[in-house]
Amino acid sequence: MTTVLVANGPNLGRLGSREPEKYGTTTFDEIAALCMQWGSEHGLEAVVRQTDDEAELVHWMHRAVDDGWHVVLNPAAFTHYEYALRDACALVTGAGLTLMEIHLTNPHAREEFRHTSVISGVATGVIAGLGVDSYRLALDAIGSRA
Ligand SMILES: O=C1C[C@@](O)(C(=O)O)C[C@@H](O)[C@@H]1O
């Protein structure tokens, strides 16, 4: 079975109570369950994880390369400045795997510092601004390519 790592960066473990006017009220655990369900509809196994730690996220990208896993990544604030994560994402797409960068909100419609993504240039595609549906559409994209 094709496996997809759904990796989430800092503060996303607080979804549900974190700035609900921006990020909605769906909790991280609910998003994880939805991703597993949406993945299974495409015959994908979705492994959903969250970390606040840059090194851990980088190591997860390395493991995705080694294990041949596609990636859905919400890099959260790391999106805007984390070059080591960008380089790790480049390894994923360089290995021929799909990496979808996703965001719940549309960073381009928010503060200036969010307008830059250091990840997008090495991602297969980007989906932003659709709330929890951003995860669903990224899994749909991987399902149609896998
Ligand atoms: O933590 C986040 C969440 C986010 O990635 C999103 O999903 O909309 C957008 C980022 O700018 C922010 O730092």
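Me: Which residues of α3 are buried?
Reply: Buried means that 20 or more other C-beta atoms lie within 10 Å of a residue's own; exposed means 12 or fewer, partly exposed is in between, and C-beta atoms are placed from the backbone. In α3, Leu 57, Trp 60, Met 61 and Ala 64 are buried. They sit on the same side of α3, because they cover an arc of only 100° around the axis. That arc is taken from the directions from the helix axis to the C-beta atoms. This model is predicted: local features need pLDDT of at least 70, side-chain atom pairs count only at pLDDT 80 or more, and totals for chains, interfaces and linings use all residues. Numbering starts from 1 along each chain as its sequence is written.

Me: Which residues are exposed on the other side of α3?
Reply: Ala 55, His 62, Arg 63 and Asp 66.

Me: How many residues does helix α3 have?
Reply: Helices are DSSP runs (H or I, at least four residues), as are strands (E, at least two), numbered from the N terminus. Helix α3 covers residues 54–67, which is 14 residues. Its expected span is 1.5 Å times one less than its number of residues. From first C-alpha to last, α3 reaches 20 Å, close to the 20 Å expected.

Me: What follows α3?
Reply: Gly 68, with a positive phi near 70°.

Me: What do the buried residues of α3 pack against?
Reply: Contact means C-beta atoms, placed from the backbone, within 7 Å. The partners are β1 (2–8), β2 (44–50), β3 (70–74) and α4 (83–94).

Terms used:
Two residues are in contact if their C-beta atoms, placed from the backbone, lie within 7 Å.
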